[in-house]
Amino acid sequence: MILASGLRKSFGGFEAVRGIDVDVRRGESFGFLGPNGAGKSSTMRMVAAVSPVSGGVLRILGLDPATDGPEIRARIGVCPQEDTLDTELTVRDNLVVYGRYFGLPRREVRERADELLEFVQLTDKANAKVDDLSGGMKRRLTIARSLVNRPELLLLDEPTTGLDPQARHVVWDRLFRLKQAGVTLVLTTHYMDEAEQLTDRLVVMDKGLIVAEGSPLDLIAEHSTREVAELRFGVAEEGESHEVLARKVEDLAERVEVLPDRLLLYTADGEETVAKVHERGLTPAATLVRRSTLEDVFLRLTGRTLVD
Amino acid sequence: MALVSAAVGRTAARPLGAGEATGLLLYRNYLAYRRAWYIFLTGFLEPVFYLFSIGVGVGQLVTGFEFNGHEIPYAEFVAPGMLATSAMNGAVLDATFNFFFKLKYNKLFDQLLATPLTTADVARGELSWSLLRGGIYSAGFLVVMLAMGLVSSWWALLAVPASLLIGLCFGAVGMALTTYMRSWQDFEWVNLAMMPMFLFSATFFPLSAYPTGVAWVVEATPLYRGVVLCRELTTGTVGWGSAVSVVYLVAFGAVGLALVRRRLDALLLT
Amino acid sequence: MSGTAPTNPLAGAARLTDYWATVYRRTWKGSAVTSFVAPLFYVVAMGVLLGGFIDAEPDRLEGAASYLAFIAPGLLASQAMTTVFGETTYPVMSMVKWQKTYFSMTASPLSVREVILAQMGFVLVRVAMSCGVFLLVMAPFDVFESWVGALAAFPVQLLLALAFATPVFALSAGLADESPFALIYRLGLIPLFLFSGAFFPVANLDGWMQVLAKATPLWHGVDLTRMLTLDRFDPSTAAVHVAYLVVLAVLGWFWAVHRLTKRMVV
C-alpha cells in the first residue's frame, strides 16, 4: 500500500524526515510512534500526496504522488491532526459536500453520509452546526468524513490527541471496528497505549529517523523488561538527589532511569525489587509496579519521554 | 462490512474535471451562505445607499458635470462610479478577508486538497464564486439605476460584464496579496489601499479636479479604469479609451491569477 | 499579601487600566488607518475636491461658508461613531465568546459593572484621540468659526460616543455569533453615516425620510457639533440634543449591564 525508501522531507535548511524506509501491507494496521517534532506528520502529509517529497522514493497504491496526486487522493482517506471541518456547513453537509469532491454522485453520497453518521454515532446531530459539537464529536465527524470515499487506505494523524479519556475510547472503538473490517490503517501517535491498542506493527521515530520497528509486544520484549517498579520519593528526601538514590539501587534492577519526579527500575519482578529497596532502608513516598509499555521502549531508545 | 468495502455497483472515487470542480465549490459556497442569506442580500445595499446619499442628496448641491463632451446630471455621474467600486469592494472582500479566513482559520483549503481537488481548482472555484456574487450585485444595481432613470444607452448592458472584469482584476490581485498576509493586522493595508481608490478614482468628481500630474497617476489606477469604463457604458459614450481600459483590467487580472496559483502551491503543498 | 475587593466601581474599573493599555499598545497600528487617515481622506476627497464643484451658498448649507466647513463637523461626529462601532462589536464578541476575557476578569474581585465601565473608558480614550487629531488637523483649513466652538465640539464627541457605545455594547454582548455584525454595519452604521446630515443638509430629504434622519443619534450629534463649529449656537436646540444623547447613553448602560450579566451569570 505504501512503499517508502530513503524518504526525506526538508523545509529550507531543516530536515524533518531524514531518510526512512517503510513498507505498509494491505489490511494491516501500521503506526508511527514518536514525540512531537519526530517527523511523523511530515511523513503523513507526503503519504497523503499534499506535500512534495524532498528525496528518496515514495509509492502509494503503486502510484507516484508527484504525478498522480489526484488519483491517489481519490482512493485514500485522510484524518488530519487538526480538524479541518467546514464550520460554515452543517454536520451532514460536511459529509455530503466532501464526498462530492471525490466525484461521487449526489444520491450515493447522501446515502453514504447517513450510513457514516450512524457509524460514528452522530445521527441525531446531523443538522447541527460544527461549532456546537464537542471535541470528541468533531473528531468522529472527521473520521466519518475520511471514510466517505470508501478508502483503501486510511491515514490518521494523532487521532485522539486533545480528547478526554472517555472520548478517546469511543474513537478507539470505532477505529478498531474499521481495522476488523479489513481497512488498512496508518496512524501516528505519541500515546503508547493508542499504539498498543490499534497497531499490528509500528515504527518508532525520533528526530526524523526510524529507531526501531516491530509489533508492540516484540518491541517491548526486545527493548525493555517485563515489569517496571516506579519509586517516588519525597522532596529532597534526606537531602539526597535522585541521582544519588539511583546509585543506591542500581544493582537491584537491569536498568534504572531517572525522571524529574521518580525513579524507574526495570526488572523481571517488580514486587520483589520494591521489597529489596525497602530492605535497604529506603522509604519511597509511593511505589507502583506495572508492565513495561512502549513508553519505556522509547525512553530506552532515545533517553527521552514521549509526552513532555 | 458495507462501510468500507466498495460494494458492487458503487461508483469509484475519481479526480474531477475543472468545470465539475468549480461547480462543486460554488455549490459548497451556496450551502455555506444559504443560512446567512441576509449577509449575501445586504451586500447589495451599500452602493445603493451611497448613490442615494452622495448622488441624490449631495447632488442637489452640485450642478452636474461634463463627461466625454456631454453634460450629465450628478447622480448619473456617480452611479457608474458606485457600480465599479462595489464590484471592487465585493471582490476584495471575498478575496482578502473571506479568503484569509478559509486559508488560515477554518482550514478549508487544507480540507479540499486532501481530496482529488488541486490548488488550481481551489483558485478557480473561489474566484468564480466571488464573480458570481459580484455579477448578481451589479445586475441588481443596474436595475436600480434604470428605475431611477440614470441609464441612457443600451451599452449599459455591458456594464455587467465590465464589473465582472473589475471583480476578476481585483479578486485575483487581492487573493495573491492575501497569501502573503500573516495576521488580521495586515488587512489594515488593504483598507489603506482601498479607501483612497474609492474616494479619488473620479468616483465622486471628474478628473479636472486634479492638477495634471496627479490626474495622470489617477488615470493609471485600476479602479479609475473600471469607473470610467462603466461610466462610458451607462452614458453611451464608448470609444477607444474603453478598449484600453478593458485590456488593462484583463492584463491585471491574468497576472494576479497566475500569482495566486503559484502562491497557493507554495503555501499549501509544503 | 492577598487581593482585596475594590471599594467603589471607579476604583474597580481603574484596575483594568493596565489591561486596556496593553491591548492598545498591541493593536494601535492596526487601527491607525481607520482612526487617523480615513477621516482625512474623506475631508480631502469630499470637502476639498468635490466641494470645489459646490456653490458655497450659506443658505443651502445650514449657514456654512463652504462645503468643507459644512462637512467637517459631520465627518468629525461620524468619526466618533465609527470608532465606537469598531470598539464595541467584534472586540466585545471576542471577549465574551472567543477569548472569554470577561470571564477571567470577573473571576477576580471585579464585577460585570466595573468591567463595562472600564471598557467604556477605553472607548472614550480612543474617541478622544481620533477626534482630537481630527480637530487639530482641520484647524488650519479655516472651517471653525470660533475656537471656543471648536473646543466645545470636543466633549460633544465624547457624549455622542457614549450614546453609541452603551447600546451597541449591549447588543454585541448578547449575540450568539458574529454574523449579525455584518447587518449592524450595513443597515446601521453605513446608512447613519450617509443620511444623518453629515454630507448634505437633512432638509434635502423627502418628508418622512427627514423625520427618520432627525430621529437618529448621529443627526443630534452632527447638528450639535455643527452649531458649535459654525458658531450658530442655539441653547434650546442644543439642550434637546444633549438630553437625547444622555438619555440614550444611560438607557444603553443599564441594557449593557443587564445583557452582559445575563450572558455570563448563568
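Some ground rules. Residues count from 1 along each chain as its sequence is written, and chains are lettered from A, with ligands numbered from 1, in the order in which they are written. Because the model is predicted, local features need pLDDT of at least 70 and side-chain atom pairs count only at pLDDT 80 or more, while totals for chains, interfaces and linings use all residues.

Let's start with who touches whom. Two residues are in contact if their C-beta atoms, placed from the backbone, lie within 7 Å. Of the 2 pairs of chains in contact, A and B share the most contacts. Chains A and C have no contact, and their closest C-alpha atoms are 11 Å apart.

Take A and B. Chain A puts in 36 residues and chain B 28. On the chain A side, the elements giving two or more residues are α2 (65-75), α3 (91-100) and α4 (106-119). Of these, α2(A) gives the most, with 5 residues. That side divides into 20 nonpolar, 5 polar and 11 charged residues. Nonpolar here covers Ala, Val, Leu, Ile, Met, Phe, Trp, Tyr, Cys and Pro; charged is Asp, Glu, Lys and Arg; the others, Gly among them, are polar.

Now B and C. The contact takes 26 residues from chain B and 29 from chain C. On the chain B side, α2 (37-42), α3 (45-57) and α8 (187-200) each supply at least two residues.

Next, chain A as a whole. It has 11 helices and 13 strands. Those are DSSP runs, numbered from the N terminus: helices are H or I, at least four residues, and strands are E, at least two. The C-alpha trace spans about 75 × 45 × 35 Å along its principal axes. Of the 308 residues, 48% are buried. Buried means 20 or more other C-beta atoms within 10 Å of a residue's own, exposed means 12 or fewer, and partly exposed is in between, with C-beta atoms placed from the backbone.

Zoom in on β8(A), residues 201-206. Is this strand mostly covered or mostly open? Mostly covered: 5 of its 6 residues are buried. β8(A) pairs in the parallel sense with β3(A), residues 29-33, over 4 bridges. Strands pair if DSSP finds at least two bridges between them. One bridge puts Gly31(A) with Leu202(A). β8(A) also runs antiparallel to β9(A), residues 209-214, with 5 bridges. Here Met205(A) stands opposite Ile210(A). The β8(A)-β9(A) hairpin has 2 residues between the strands, and Lys207(A) takes a positive phi near 50°.

Last stop, α8(C), residues 179-195. The expected span is 1.5 Å times one less than the number of residues. For 17 residues that should be 24 Å, and the end C-alpha atoms are 24 Å apart, which agrees. α8(C) does have a kink of about 30°, centred on Tyr185(C). That bend is the angle between axes fitted to the seven residues ending there and the seven starting there.

Which residues of α8(C) are buried? Phe181(C), Leu189(C), Leu192(C), Phe193(C), Leu194(C) and Phe195(C). Their cover includes α3 of chain B, plus α3 (67-88), α4 (90-98), α9 (207-215) and α10 (217-229) of chain C. After α8(C) comes Gly197(C), with a positive phi near 85°.
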